[in-house]
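Please keep the sequence and the 3D view open together while you read.

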Amino acid sequence: MKRKNIIIGAGPAGIGLGISLKKDSLIIERGFEVGGFSRSVNINGAIFDFGGHSFHTPHPEVSELVFNSLDMYEQKRNAKCFSNGQIISYPFQKSFRELKNINIVNDCSEGLKNTLKNVNKSDFKNFEDFIIKKFGKGISDHFMLPYNRKLWGRDLKRMAADWTSSRVAAPEGIKEKFEFKGGKRKPLQSDTKVAYPAKGGFGEIYKALGKKLHNVEFNTSVNRVDLKSKKIFTTCGKTYEYENLISTIPIIDFLMMIDDVPERLLKLTEKLDYLSMILGLVVINHPVDTDIQRFYSAEKEIVSHKTAINHNSSDYLRKLPRHGVMLEISTGPEKKLHRDDMNQWIIDSLTELKVIKNSSEIKSLDIKNVKYSYPVPTHDRNLIIDEIKDFLKENNIHTVGRFGEWAYINSDKAIYRGLKLGEELQG
């Protein structure tokens with residue numbers, strides 16, 4: 001069978017492509033539904049979103065697409081930092097004066113005095129250098145460095161700083177706001193308005209968008225690509241010939257499927273770094289008694305860098321009799337977890353954060369391992385991806401999405417890039 005455009009993966013980027021290309025496409029999805037890592041799951045009556053999602057985008061066309069596809073609920077973001085045994089406003093670099101420890105406040109304030117002048121992007125050698133120069137010694141030592149080492153699990157000098165303007169909020173004294181137009185992402189602020197499906201989990205967005213797709217083949221995986229014949233082979237025995245092949249799966253895995261890939265490109269993928277995650281999925285047998293949506297913590301006794309209380313994402317979820325809390329626990333080559341009793345550590349962390357009083361409130365606790373969570377923005381990743389994409393494009397193959405492009409983007413941006421690539425392929 002011959003198809004004009006074959007898309008591998010029905011995650012956000014694949015959905016954007018499918019909507020853009022309409023009937024001129026076939027999506028092959030290994031799972032049983034659309035959404036990829038943006039799906040939601042129900043565990044014992046509680047809803048979980050892997051990744052702790054909320055909807056916010058600087059792309060008006062993506063916002064219009066989503067809001068026209070289902071009912072959405074909007075509210076101000078309520079995120080907090082847990083630092084030195086205290087809950088303060090997010091982000092730390094704007095809120096450190098809320099800390100009761102006056103010595104830490106003075107350290108942060110003093111360090112910040114010498115950082116707000118003459119700092120340009122070209123001055124940052126790496127991510128660690130960016131943190132120190134942008135925030136000063138106090139904020140860096142008391143939160144930003146330990147938090148990011150806890151999150152990334154590796155030497156921050158190995159990471160570039162070219163992505164920070166869209167992700168890392170500025171310090172005290174610099175006004176910012178998240179822009180909902182213009183196409184350029186800016187860091188979320190404490191009062192940014194975010195959206196979420198009015199009913200169900202975050203995955204409802206992709207179920208709604210999935211209804212706009214024309215041709216999707218579920219429970220099917222591609223296991224081989226022949227460049228010469230322009231054919232793909234699936235695990236269920238089907239063979240398709242394509243004009244254009246678009247992959248949204250991790251580029252490392254995709255290259256392994258292709259016959260006769262130059263050895264140099266396979267060697268280059270070995271240099272692409274990624275963050276894996278342990279997710280603690282805790283079902284609480286009653287509604288939580290806090291309206292906080294996110295906790296961010298650099299503290300050693302808290303197992304997670306981010307804790308998401310998913311049921312505070314909408315009024316619908318708040319009213320459910322059981323609530324879900326997800327703890328993100330990153331793993332990395334240089335990160336050692338100092339406790340080996342993971343379940344108890346999760347319980348202790350939720351108690352310290354005052355989400356629960358004791359373990360009797362927990363209905364269930366599940367652990368899920370996620371191999372590809374965040375692409376690590378190393379210094380050479382753009383050059384590596386550009387070389388791989390050039391080779392693929394010569395063979396009428398494109399790659400798009402978070403791990404398809406090795407880009408630290410959210411699901412809204414993945415939809416946007418899928419839409420735009422679809423327009424490009426249509427000429």
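This is a predicted model: local features need pLDDT of at least 70, side-chain atom pairs count only at pLDDT 80 or more; totals for chains, interfaces and linings use all residues.

Residues are numbered from 1 along each chain as its sequence is written, and side-chain values use heavy atoms, with hydrogens and water left out.

The secondary structure of the protein chain comes to 12 helices and 18 strands, where helices (H or I, at least four residues) and strands (E, at least two) are DSSP runs numbered from the N terminus. Along the principal axes, the C-alpha atoms of the chain fill a box of roughly 70 × 50 × 45 Å. For 427 residues a compact globule would have a radius of gyration near 22 Å, and the 22 Å of the protein chain agrees with this; the radius is taken over C-alpha atoms, and the globule rule is 2.2 Å times the number of residues to the power 0.38. Of the 427 residues, 58% count as buried, a term that means under 20% relative accessible area, with exposed meaning over 50% and partly exposed lying in between (1.4 Å probe, protein chains only). Among contacts (heavy atoms within 4.5 Å) between residues at least 6 apart in sequence, 70% join residues at least 24 apart.

The crossing of H1 and H12 is right-handed, which is to say that the near helix is turned clockwise from the far one by less than a right angle. Residues that make the contact include Gly16, Leu17 and Ser20 of H1 and Ala414, Gly418 and Glu423 of H12. By class, this contact of H1 with H12 has 10 nonpolar, 5 polar and 1 charged residues, with Ala, Val, Leu, Ile, Met, Phe, Trp, Tyr, Cys and Pro counted as nonpolar, Asp, Glu, Lys and Arg as charged, and the others, Gly among them, as polar.

In soluble globular proteins, nonpolar side chains tend to be buried together. A nonpolar core is taken here as a set of buried Ala, Val, Leu, Ile, Met, Phe, Trp, Tyr and Cys residues joined through side-chain atoms within 4.5 Å. The largest such core has 45 residues, and those with the most contacts inside it are Phe92, Phe127, Phe130, Ile131, Ile139 and Trp152. Among the elements that give two or more residues to this core are strand S4 (46-49), helix H4 (102-113), helix H5 (127-152) and strand S17 (362-375), and the largest share, 11 residues, comes from H5. Apart from this core lies another, of 35 residues, among them Ile47, Val66, Ile415 and Leu421. Leaving aside its neighbours within four places in sequence, Phe130 is in contact with Phe124, Phe135, Ala161, Thr164 and Val168.

Ile346, in helix H10, is buried, with a relative accessible area of 0%; beyond its neighbours within four places in sequence, its contacts include Gly280, Val303, Leu327 and Ile367. Ile384, found in helix H11 (residues 381-394), counts as buried at 4% relative accessibility, and, with the neighbours within four places again left aside, Ile384 is in contact with Leu268, Lys271 and Leu272. By contrast, Asp340, in the loop between strand S16 (323-331) and helix H10 (342-352), counts as exposed at 78% relative accessibility.

Some loops also deserve a look at the backbone. The peptide bond from Tyr90 to Pro91 is cis, with omega near -5 degrees, and Pro91 is found in the loop between strand S7 (86-89) and helix H3 (92-95). Lys230, in the loop between strand S10 (222-226) and strand S11 (231-234), has a positive phi of about 55 degrees although it is not a glycine, and is partly exposed at a relative accessible area of 25%. Trp406, which lies in the loop between strand S18 (397-399) and H12, likewise has a positive phi, near 55 degrees, but Trp406 is buried, with a relative accessible area of 2%.
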